[in-house]
Amino acid sequence: AVEEGDPGEGARLAALARSVVIDWRAALQAGTLAGTPRARRLALAEAASSGDIDLFQRLVAAGCALNEPFGGGGASLDHVLLHGRLEAARWLIDRDVGVTNAVVNGASQAPAGLVAELLARGARPTAIAASTAAGADRLDSAVLIAEALAKVDPEAVRELIDTLARWAGDAESSAARVEAGKMGSDLTPADYRAQAARMRNLRDRCLALIGAPP
């Protein structure tokens with residue numbers, strides 16, 4: 001519409017749009033992607049969010065590094081796990097990408113077998129990762145993370161125990177408030193009580209890890 005009324009202004013507007021749009025697909029096609037950092041990272045982000053293994057393969061062939069951080073600092077495996085793209089995660093792990101933060105980022109999505117492998121490869125266990133796994137109804141994964149954490153930082157497990165008890169209490173309180181009509185929520189009272197049960201279950205497992213009474 002601008003171009004119809006003022007061709008010169010329309011051309012300037014089109015040039016401005018072209019200057020701010022980062023076309024990583026064109027850069028990949030032209031063979032210039034590896035030398036264009038912003039486009040390269042956008043391409044990696046697209047492959048990770050969609051779990052597109054074929055695109056990952058094309059990016060590697062174009063000279064992109066799978067361990068390059070993007071979008072908040074995580075690399076391809078971190079973002080793939082955040083999006084629950086487990087087939088792509090397997091492909092990346094088989095290529096020996098870095099796994100340091102993979103358990104932290106994949107706690108809500110990764111099944112226990114994958115968590116165990118990531119920990120064995122050197123992934124960092126954290127209290128947040130353990131509680132996140134429990135909250136996502138992956139108690140087996142949560143216990144594996146807590147066991148690994150107990151070996152390197154028992155004090156963090158003690159702090160996690162207190163946090164889990166508090167969160168379980170908060171979930172029970174939310175269940176009661178929803179039942180009483182004092183709080184709106186997409187979760188039902190049963191959902192909240194299931195959360196509380198998972199948190200208490202993990203708390204009991206953590207108590208056993210440090211030899212404390214329940």
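A crossing of two helices is called right-handed if the near helix is turned clockwise from the far one by less than a right angle. Keep that in mind for the first stop on this predicted model.

Select helix 10 (residues 127-135) and helix 12 (residues 154-179). Their axes come within 10 Å and cross at roughly 35°. The crossing of helix 10 and helix 12 is right-handed. Now show the side chains where the two helices meet. On helix 10, pick Ala127, Ala130 and Ser131; on helix 12, their partners are Ala156, Leu160, Leu164 and Trp167. Sorted by class, this contact holds six nonpolar residues, one polar residue and no charged ones.

Next, go to helix 13 (residues 189-209). With 21 residues at 1.5 Å each, helix 13 should span 30 Å, and its end C-alpha atoms are 30 Å apart, so the two values agree. Which residues of helix 13 are buried? Select Pro189, Tyr192, Ala196, Arg198, Met199, Leu202, Cys206 and Leu207. Helix 10, helix 11 and helix 12 are among the elements that cover these buried residues. Just after helix 13, click on Gly211, which has a positive phi of about 70°.

Last, turn to the largest nonpolar core, which has 59 residues. Leu33, Phe56, Leu59, Leu77, Leu118 and Leu202 touch the most other members. Leaving aside residues up to four places away in sequence, Leu118 touches Leu77, Leu81, Ile93, Val99, Ala102, Val103 and Ala123.

Note on methods
Residues numbered from 1 in each chain as written. Predicted model: local features only at pLDDT ≥ 70, side-chain atom pairs only at ≥ 80, totals over all residues. Heavy atoms only, no water. Axes fitted to C-alpha atoms, helices over the stretch in contact; angles between N-to-C directions. Helix = DSSP H or I, 4+ residues; strand = E, 2+ residues; numbered from the N terminus. Contact = heavy atoms within 4.5 Å. Nonpolar A, V, L, I, M, F, W, Y, C, P; charged D, E, K, R; others polar. Core = buried A, V, L, I, M, F, W, Y, C linked by side-chain atoms within 4.5 Å. Buried < 20%, exposed > 50% of the residue type's maximum accessible area, 1.4 Å probe, protein only. Expected span 1.5 Å × (residues − 1).
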